[in-house]
Amino acid sequence: MEVLALRTNVAHWSSPFCRQLDRHLVDSGVKLVDLQWDFELLQNDRDHFTARGFDTFRRALATALSSEGIKGDVFLIADSTVDHINRSKPARLADEKLRKSLAAFGINATIASQSGSGFCALQEQKRSFIDLVRHKTRVNPSLKEARWVLVGGWNDDAQGYPLADVKRAVAELLELRS
């Protein structure tokens, strides 16, 4: 099945690292999804959405995936783009709101979101994208058959991981589908 990822070289997160990461994802067979990154951000934390910004983001993501012809089962792996709102609300409210937005377009999403994660980010704590995927697919092996949507990579840049390490992690993550 198909793997999609949000483009990382966007808005104020643009960087040479993100440009190269996007290129590597495409070279690895991942389809990039573009959004208009004009979502409302927190005043004191320009890396995370306000509640209203997240609501706009989740609707835009659902619309974009639907425009790509995505229907059915999706496994969405995300960093704080999704999980930041979960931290201040009980019962993983952001995951649930995103699931409902996706369901309105016929997308049945399983979400694994972890603030601070990335392809390499949080690997020492066993909470990177690879670890999230290993855990969820161990519990539900059918997720390997779903379309995957990756939301992140910015933490790998911010935490200074070498691009070569991130490329190896991308390859390892994609191998988990088999």
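**Cysteines first**

Mentor: Let's start with the sulfurs: the sulfur of cysteine 18 is 13 Å from the closest cysteine sulfur, in cysteine 120, which is too far for a bond. Keep in mind that this is a predicted model.

Trainee: Is cysteine 120 buried or exposed?

Mentor: Buried means under 20% relative accessible area. Cysteine 18 passes that test with 0%. Cysteine 120 has 3%, so cysteine 120 is buried.

Trainee: Okay, on to the strands. Which residue of E6 is the bridge partner of leucine 76?

Mentor: Strand E5 (residues 72-78) and E6 run parallel, joined by 7 bridges. Phenylalanine 75 stands opposite threonine 110 in E6. As for leucine 76, its bridge partner in E6 is isoleucine 111.

Trainee: And which residue is the partner of leucine 76 in E7?

Mentor: E5 also runs parallel to strand E7 (residues 147-151), with 5 bridges joining them. In E7, leucine 76 has as its bridge partner valine 149.

Trainee: What about E3 and E4: how many residues lie between them in the hairpin?

Mentor: Strand E3 (residues 41-42) pairs with E4 in the antiparallel sense, over 2 bridges. Leucine 42 has aspartate 45 in E4 as its bridge partner. E3 and E4 form a hairpin, and the number of residues between them is 2.

Trainee: Now a helix. What distance does H2 reach from its first C-alpha to its last?

Mentor: Helix H2 covers residues 51-67, which makes 17 residues. At 1.5 Å a residue, the expected value is 24 Å, and H2 comes close to that with a reach of 24 Å.

Trainee: Which residue just after H2 takes a positive phi?

Mentor: Within H2 itself, the buried residues include Phe54, Phe57, Leu61 and Leu65, and also Asp55 and Arg58. Just after the helix, a phi of about 85° turns up, and the residue that takes it is glycine 69.

Trainee: Where is alanine 11, with its positive phi, found?

Mentor: Alanine 11 has a phi near 45°. At 43% relative accessibility, alanine 11 counts as partly exposed. Its place is the loop between strand E1 (3-6) and helix H1 (16-27).

Trainee: Is lysine 126 buried or exposed?

Mentor: Lysine 126 is not a glycine, yet its phi is positive, about 60°. Lysine 126 sits in the loop between E6 and helix H5 (129-139). The cut-off for exposed is over 50%. At 65% relative accessibility, lysine 126 counts as exposed.

Trainee: Which element gives the largest share of the lining of the largest pocket?

Mentor: The largest pocket has about 290 Å³ of space. Among its 16 lining residues, Trp13, Asp47, Ser80, Trp154 and Asn155 lie nearest its centre. Strand E4 (45-49), helix H3 (80-88) and helix H6 (154-158) each give two or more residues to the lining. The largest share, 4 residues, comes from H6.

Trainee: How many residues of that lining are charged?

Mentor: The lining divides into three groups. There are 6 nonpolar and 7 polar residues, and the number of charged ones is 3.

Trainee: How far apart in space are asparagine 155 and phenylalanine 119?

Mentor: Asparagine 155 is found in helix H6 and counts as buried at 15% relative accessibility. Along the sequence, asparagine 155 and phenylalanine 119 are 36 residues apart, but C-alpha to C-alpha the separation is 8.5 Å.

Trainee: Last one: what separates the C-alpha atoms of glutamate 172 and isoleucine 130?

Mentor: Glutamate 172 has its place in helix H7 (residues 163-175). At 32% relative accessibility, glutamate 172 counts as partly exposed. Glutamate 172 and isoleucine 130 are 42 residues apart along the chain, and their C-alpha atoms are separated by 7.5 Å.

How values were computed. Residues numbered from 1 in each chain as written. Predicted model: local features only at pLDDT ≥ 70, side-chain atom pairs only at ≥ 80, totals over all residues. Heavy atoms only, no water. Disulfide = S-S within 2.5 Å. Buried < 20%, exposed > 50% of the residue type's maximum accessible area, 1.4 Å probe, protein only. Pairing = 2+ DSSP bridges. Expected span 1.5 Å × (residues − 1). 1 Å grid on protein atoms, 1.4 Å probe; cavity = no way out; pocket = protein on both sides within 12 Å on 5 of 7 lines; lining within 4 Å. Points joined across faces, edges and corners; volume = space filled by probe spheres on them. Nonpolar A, V, L, I, M, F, W, Y, C, P; charged D, E, K, R; others polar.
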